[in-house]
Amino acid sequence: MAVAARSIGEALVMIAGRDRVRDDGGSLDAATVDGVRPRWVVRPASIDQLSRAIALANDGGLAVVPRGAGSALELGNPPSRVDVVIDLTGLDQVIEYNPDDLTITVQAGMSAGALAALLAPHRQWLPIDPPGIAARTLGGVTATNASGPLRARFGGLRDLLLGVRFVQADGVLTWGGSKVVKSVSGYDVPKLMVGALGTLGVLAELTLRLHPLPDSERSWLVALDRPQAAQDFVARLIDSPLQPNRVELFNDDAARLVLGESGSAGVAVAIGSVADAVLEQGERLGALAKAAGARITPLPEGFWSRVDSAMAAPPGWTVLHVASLAGRLADTIDAIGDIVRTASGAAVRLNGCASLGTFRVLMRGASDAGMAAVVTRVRAWIAEVGGSVVVARGSVELRKAVDPWGPVEPGAFALMRALRDEFDPKRVLNPGRYVGGL
Amino acid sequence: MPLSGPFLQELERIVGIAGLVRTPEGRLVYECDMHTFYKGAPDAVALPTRADQVVEIVKLCRRERVPIVPRGSGTGLIGGAMAPVGGVMIGTNRMDAILEIDLPNRCATVQPGVINLSLTRAVASSGYFFAPDPSSQMVSSIGGNVATNAGGPHCLKYGITTNHVLGLEMVTGAGELVRLGGKGAERPGYDLLGAAVGSEGTFGIVTAVTVRLLHAAEAVKTILASFTAIEDASEAVSAIIAAGIVPAALEMLDELMIRAINEGTGAGYPKDAAAVLLIELDGPAAEVEAQGERAARICWERGALEVRVAADVAERALLWKGRKEAAGAVGRLAPTYLLQDAVVPRSKLPAIMREVIAIGARHRVQIANVFHAGDGNLHPLILYDDREPEELERAKAANEELLRACIEMGGTVTGEHGVGLDKAKNLPLQYAEADLNFMYRLRRAFDPELIMNPGKLLPSHPACGEGFRPTRPRVPDGAWI
């Protein structure tokens, strides 16, 4: 159906109000996604406005890109079309907080930093910590399934999202899950929304499981220069009675970035518990390190916030998320190092959750073609482990030269396509950006 | 709907004569699960041993539009593993091999018929265990645990089945063998694994499961606290959680249940107790010690009659004995009961317990309570005598009212047992048409002909078979088109 641009703009204004619809050059330039400029930027003030704007886009056959803080816009394929960017940061209200239940329901545009500030007086937290977390929106963190070192103990968003309200591609407001910590009523729709990049629905409201803040947390760096030594140490740590909050591995470059010249490759272990237990576990960690022949040093307070800022990717760097296995830690680190060195001699900063075998690899230096070759080679290597490599951040050229998501098992992909065809046949939501160009 | 001769011959060709049950007496064994209200024998039971046989059976049934009902050990509590409209039941009991134990990656891959506790036993000597522990764990299958997303007393700390499933091999309702998830912690694309766990056999049949193994905790401390009022015990629960303690288990028994247990197994709970709280902490010894003291102090502060700490394994087993035999012990009070599984936000426990008492009085039924207090998951047993039809009606009415009360407090209709046939009709209490429509379409992506476990999990729509019709939002009228 033919759609007149001018009247769509007017309809958006009728929905959201004049001050919440932008079509001036400056606003559109700022909202560009991988070089594609939208025609409108809409910042809904309510979930009803969000729902109506998406229904309108669906009727008009427009492409919608939902946007939170804009910190993960380089994830996925460059979009094939962008008509409306929906800025969700206006939806930042707390709907319901029950400290006694350790649950909270918030709008998806709330920043993780604002949430943390709200929870701190109650000594509670949402234990999720990808780099730059404070500025990111909770909806964005959920849609991109972002995680950080705390994943070692608390899992990812799939373990923390209890309920979700979302707007389907046709504008229908839908709820899945529950507001309590335990429920098996119907299908687990929240899990389907985690990491779906908004392609099955734009996230509007999240009910989250909170955890008590530990009384005390201390961290140590166990210096281990050989990947195999790190793997052996981590295996013994997991098999020990210790319950670390974070088991984060750093290579030399990453450790120096966080700790300065004194930094060296190793595993940073954080223990959080009641004060006595932290001290006692710290001693046992020391004994484990000694048995492994490693040097152990206490990490300064504020170490993890330094990790948070230092490990954020500087402009121009490429970030890969590599999922391997804990039992293949050493292999994986060696393989990544070899591949990057032979391809380009580029710098590699590598850190990741050693107990799960998931890594974040920051690279710089090679050309886009060189980077693409690195991705292809790491991917070929990781295939035999059953792992995956996703380009979480990279230039448009890189993400055109190589599939940023990598292969998906054909049977599973057929189901994903069926879901996408069912829920968004007109490809309104983030067209082309998700796995396999869905 | 009797199956045709050629159809049965084809089934027999796939699974062999030893893998096919078609006599009336044989089929009768499969007419219900542990929710014996709902009866419906399948027209045939196929007992495959391999995934390729499952593929063939599903393709055959799809071609002939014959319903399929998956079944593990049949210990479910929701009328999930029975055949309300007949068809073919696929029993996974003969698929009972542990395929791989991968300790370096802390996981194991099993066929769906492997019994829950068998896996823990297979890895216990290495110091590992499989965390989900439904009370049926000695007999229930891991495939069944996956289908119902089973919980158990210790899921307060460790999470329910879905938190422990890394990968599935599944034959969808379309007859496709697919692999969802895997050993690795993440992979690109939709989390179909997360959606499939707990889908109660309506997406397909699981033919292999990769589960996470956990390392056993260093120390365990079991505390039993008794109270003169259930409100005090409920408040102790809230206070323990609010203090930042996450026990492995936090279970409560009410007065009626305590009496039944004391008369039955002689667990030796204090006679004048109106509520018993069972608190289990596990983890590093120093943490368990400190948090155990804190939890005990909280119980004393809330007016506990007595606080006992198990000194050794034998005492720990004794404290748990009553809890584990609770459902059996109520047999002393009444011939039978309805078991509810609703959840309330845990801060609402004192309020819902008052409501339970009021509902029991209103409908003149006795309600005994034993439940997972730590996560607000109630298990009221509504007692009745099945020889008195009128008593059953009152029990049902009380059950319904209780469910509504839980939903009104912000809860959910099922915390760990699942929906099945039993609660399908209750889902509209919790979900709007749009929400049910989404679930219906999600299911159809896996099972286009809706042959998988029909009548379970999703309510059938009164108006049409096409599912639920959500209302679209208003968009400004027409000038732009």
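**Exercise 1. Work out whether B:R364 is buried or exposed in this predicted model, and look at its backbone.**

Step 1: count neighbours. B:R364 has 10 C-beta neighbours inside 10 Å. The cut-off for exposed is 12 or fewer, so B:R364 counts as exposed.

Step 2: B:R364 sits in the loop between α13 (349-362) and β17 (367-372) of chain B.

Step 3: check phi. For B:R364 the angle is near 50°, a positive value in a residue other than glycine. As background, most residues other than glycine have a negative phi.

**Exercise 2. Check the length of helix α3 (residues 47-60) of chain A against what you'd expect, and decide how enclosed the helix is.**

Step 1: take the 14 residues of α3(A) at 1.5 Å a residue, and the span should be 20 Å.

Step 2: compare with the model. The end C-alpha atoms of α3(A) are 20 Å apart, which agrees.

Step 3: on burial, 13 of the 14 residues of α3(A) are buried, so the helix is largely enclosed by the rest of the structure.

Step 4: look just past the helix. There, A:G61 takes a positive phi of about 65°.

**Exercise 3. Describe how helix α1 (residues 5-15) of chain B packs against helix α3 (residues 51-64) of chain B.**

Step 1: get the geometry. The two axes come within 9 Å and cross at roughly 165°. Angles over 145 degrees count as roughly antiparallel, and that is how α1(B) runs relative to α3(B).

Step 2: the hand. α1(B) passes α3(B) in a right-handed crossing.

Step 3: list who meets whom. From α1(B) come B:F7, B:E10, B:L11, B:I14 and B:V15, and they meet B:Q53, B:E56, B:I57, B:L60 and B:E64 in α3(B). Sorted by class, the residues of this contact are six nonpolar, one polar and three charged.

Step 4: the spacing in such lists makes sense, because residues three or four places apart in an α-helix point the same way.

**Exercise 4. How many residues does each chain put into the contact between chain A and chain B, and which helix of chain A gives the most?**

Step 1: chain A supplies 86 residues and chain B supplies 83 residues.

Step 2: on the side of chain A, helix α16 (residues 410-423) gives the most, with nine residues. That side has 43 nonpolar, 25 polar and 18 charged residues.

Step 3: follow α16(A) across to helix α16 (residues 433-446) of chain B. Their axes come within 9 Å and cross at roughly 145°, and the crossing is right-handed.

Step 4: name the partners. A:L415, A:A418, A:L419, A:E422 and A:F423 of α16(A) make the contact with B:R441, B:A445 and B:F446 of α16(B). By class, that's six nonpolar, no polar and two charged residues.

Terms used. Residues numbered from 1 in each chain as written. Chains lettered and ligands numbered in written order. Predicted model: local features only at pLDDT ≥ 70, side-chain atom pairs only at ≥ 80, totals over all residues. Contact = placed C-beta atoms within 7 Å. Helix = DSSP H or I, 4+ residues; strand = E, 2+ residues; numbered from the N terminus. Nonpolar A, V, L, I, M, F, W, Y, C, P; charged D, E, K, R; others polar. Axes fitted to C-alpha atoms, helices over the stretch in contact; angles between N-to-C directions. Parallel < 35°, antiparallel > 145°, perpendicular 65-115°, else oblique. Left-handed = near helix turned anticlockwise from the far one by under 90°. Expected span 1.5 Å × (residues − 1). Buried ≥ 20, exposed ≤ 12 C-beta atoms within 10 Å, placed from the backbone.
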